[in-house]
Amino acid sequence: MKDFLLNGWSDFKVNFSFITIILAGLGLAIRSGIKSGVKFVYDSKLEGVKNEFTRQIEGLKHEQQKLMFNFESYNSKRREMYPEFYNLIQEAIGQVFSLTGLIEIPDTTTYTEEELENYLASLNATTTEKQHILSLHSRNKQEAFSKVGQIKRRHNYYQAKDKWVDVNNYHISKELFLSEKVAEKAGELIEVLNKYRLNLNPEYQGDREVTKKNDELVKQIQTKTNELKQMMREEFVVEN
């Protein structure tokens, strides 16, 4: 009985020790597994954050490149437009200013009827006007020449109107590309130029008061033109 008890105790100790070792091993494995799992989850989340951060950085780089491209394109467009716009303004001013004083017309007293008719057609004379002037030309060439001068003056007036319309339309259609200052100053200049043009209508017999207004309008046109030119130059210097 004693031997049996001793042997049983010995077997129990061996079995207990073996179980203890197994449990310890399982515990170690479990702790290791838990640590590995936590590390795996942490690494996965960190990798996800890094990927998202990288994606956002690449997105910002793309947006920056796009903005830079758009900015350069915008400035390039403006550099093309300013000289073109200023040239249109000068052409309109020159055409309007040419409405004052003497006008140049060929000596139609030396023209044949066919030559005179062709010249009147180039001035957009009406059929009635052409018939009247051709009739005068056969009877009184000097009087016919005077009538041709009136047609020419009217033709010049509408040419000036066309030039003004061109520059006004350009200002409206391209205003998005103009700086706020340039757009505002150009608008002021175009408005004053139109007032002056309307006062020079050959069918309107101006009085002394209108003449005074025209003198003031001419000064305003010259001043605003110089101011506009200076603004454009300054913007090009800043952009360089």
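On a 1 Å grid over the protein atoms alone, a pocket is an open set of points where a 1.4 Å probe fits, with protein on both sides within 12 Å along at least five of seven lines, and its lining residues have an atom within 4 Å of a point. A volume is the space filled by probe spheres set on the points, which are joined across faces, edges and corners.

Before I use these terms, please note that this is a predicted model, in which local features need pLDDT of at least 70 and side-chain atom pairs count only at pLDDT 80 or more, while totals for chains, interfaces and linings use all residues. Residues are numbered from 1 along each chain as its sequence is written, and side-chain values use heavy atoms, with hydrogens and water left out.

The largest pocket holds about 230 Å³ of space, and the residues that line it include Ile103, His132, Lys147 and Arg154.

Now to the rings, where Phe, Tyr and Trp (its six-membered ring) pair if their centres lie within 6.5 Å, and planes under 30 degrees apart count as stacked, over 60 as edge-to-face and the rest as tilted. The whole structure has four aromatic pairs. In one of them, Phe85 and Tyr170 are stacked, at 5.3 Å centre to centre with 20° between the planes. Tyr157 and Tyr158 have ring centres 5.4 Å apart and planes at 80°, so this pair is edge-to-face.

Finally, a charge sits over a ring if NZ of Lys or CZ of Arg is within 6 Å of the ring centre and within 35 degrees of the ring normal. Lys174 lies over the face of Tyr170, 5.9 Å from the ring centre, and the charged end of Arg197 sits over the ring of Trp164, 5.8 Å from its centre.
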